[in-house]
Amino acid sequence: MSTYSDTPFPRPRTLVHPGRFNPVRIQSLDAQQARHIRLLLEPGKSLFDALVGPLSENGIASASTTILGGSFDALTYCVAPPDLSGKSVIAYGKPLQAGRAFMIFGNATLGKAVDGAPLVHCHAAIRTEDGTVKGGHLITERCVVGQAPIPVLVTCLAGFELRQAHDPETNMLLLQPRKVALHG
């Protein structure tokens with residue numbers, strides 16, 4: 001039987017965040033109920049507007065989504081290489097233009113930015129026109145849905161919201177769950 005040390009693969013790197021270690025790795029809240037919605041992203045709109053608009057019209061400000069794939073007329077993304085300043089483990093790199101591209105699969109989280117404005121955080125795997133497969137963090141305001149609607153499965157969060165806040169361990173702004181009062 002082979003052990004890990006017998007494999008030819010190098011040991012994965014260990015990431016050490018700059019802030020004080022938090023033993024609770026995943027901050028979570030539970031909801032007693034949730035709505036599930038099937039949404040079609042409207043052609044010609046930015047990914048941001050195509051998600052935020054219809055969800056906001058339905059009173060949804062925090063949600064988890066699964067984007068089932070589709071074509072984009074323009075797609076901009078970035079990756080997160082190590083942060084050379086040392087302030088964080090990673091930092092978003094400069095925006096990369098994929099041009100016309102097909103999203104193979106993506107996950108987007110809808111929450112609120114520090115100032116309370118809608119925020120969409122999306123990671124996806126894409127295929128460019130030349131067939132190259134790439135992935136990263138999509139800049140949703142600069143990704144334009146192509147000619148056909150794109151299906152999205154939405155899980156609406158009830159009883160709490162996702163709010164961008166400073167995380168002292170990572171020294172980054174992260175979406176974090178916060179309890180909210182239910183009205184009605």
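**Exercise 1.** Is K112 buried, partly exposed or exposed?

*Solution.* A note before starting: this is a predicted model, where local features need pLDDT of at least 70 and side-chain atom pairs count only at pLDDT 80 or more, while totals for chains, interfaces and linings use all residues. Residues are numbered from 1 along each chain as its sequence is written, and side-chain values use heavy atoms, with hydrogens and water left out.

Step 1: Buried means under 20% relative accessible area, exposed means over 50%, and partly exposed is in between (1.4 Å probe, protein chains only).
Step 2: apply them. K112 has 22% relative accessibility, so K112 is partly exposed.

**Exercise 2.** Find the salt-bridge partner of K112 and say which parts of the chain the pair ties together.

*Solution.* Step 1: look for a side-chain nitrogen of Lys or Arg within 4 Å of a carboxyl oxygen of Asp or Glu, which is what counts as a salt bridge here. For K112 the partner is E161, with the closest N and O atoms 3.2 Å apart.
Step 1: K112 sits in strand β4 and E161 in strand β9 (residues 160-167), so the bridge ties together parts 49 residues apart in sequence. Strands (E, at least two residues) and helices (H or I, at least four) are DSSP runs, numbered from the N terminus.
Step 2: check the partner's cover. E161 is buried, because its relative accessible area is 13%.

**Exercise 3.** Work out how E129 and R100 are connected, and which network they belong to.

*Solution.* Step 1: E129 and R100 form a salt bridge, and their closest N and O atoms are 3.3 Å apart.
Step 1: E129 is in the loop between β5 (118-128) and β6 (133-138), whereas R100 is in strand β4, so this pair links distant parts of the chain, 29 residues apart.Step 3: compare cover. E129 is exposed, at 64% relative accessible area, and R100 is partly exposed, at 46%.
Step 2: widen the view. D73, R100 and E129 are linked in a network of salt bridges. The structure holds 5 salt bridges; one of them joins the side chains of K45 and E42 at 3.5 Å, N to O.

**Exercise 4.** Describe the largest pocket: how much space does it hold, and what lines it?

*Solution.* Step 1: know the method. On a 1 Å grid over the protein atoms alone, a pocket is an open set of points where a 1.4 Å probe fits, with protein on both sides within 12 Å along at least five of seven lines; lining residues have an atom within 4 Å of a point.
Step 1: read off the space, about 850 Å³. This volume is the space filled by probe spheres set on the points, which are joined across faces, edges and corners.
Step 2: list the lining. There are 30 lining residues, and D167, L173, L174, L175 and Q176 lie nearest the centre.
Step 3: find the elements. β4, β5, β9 and β10 (172-179) each give two or more residues, and β10 supplies the largest share, with 6.

**Exercise 5.** Where is G70, and how far is G70 from P149?

*Solution.* Step 1: G70 is in strand β3 (residues 70-78), and G70 is buried, at 9% relative accessible area.
Step 1: G70 and P149 are 79 residues apart in sequence, yet 7.7 Å apart in space, C-alpha to C-alpha.
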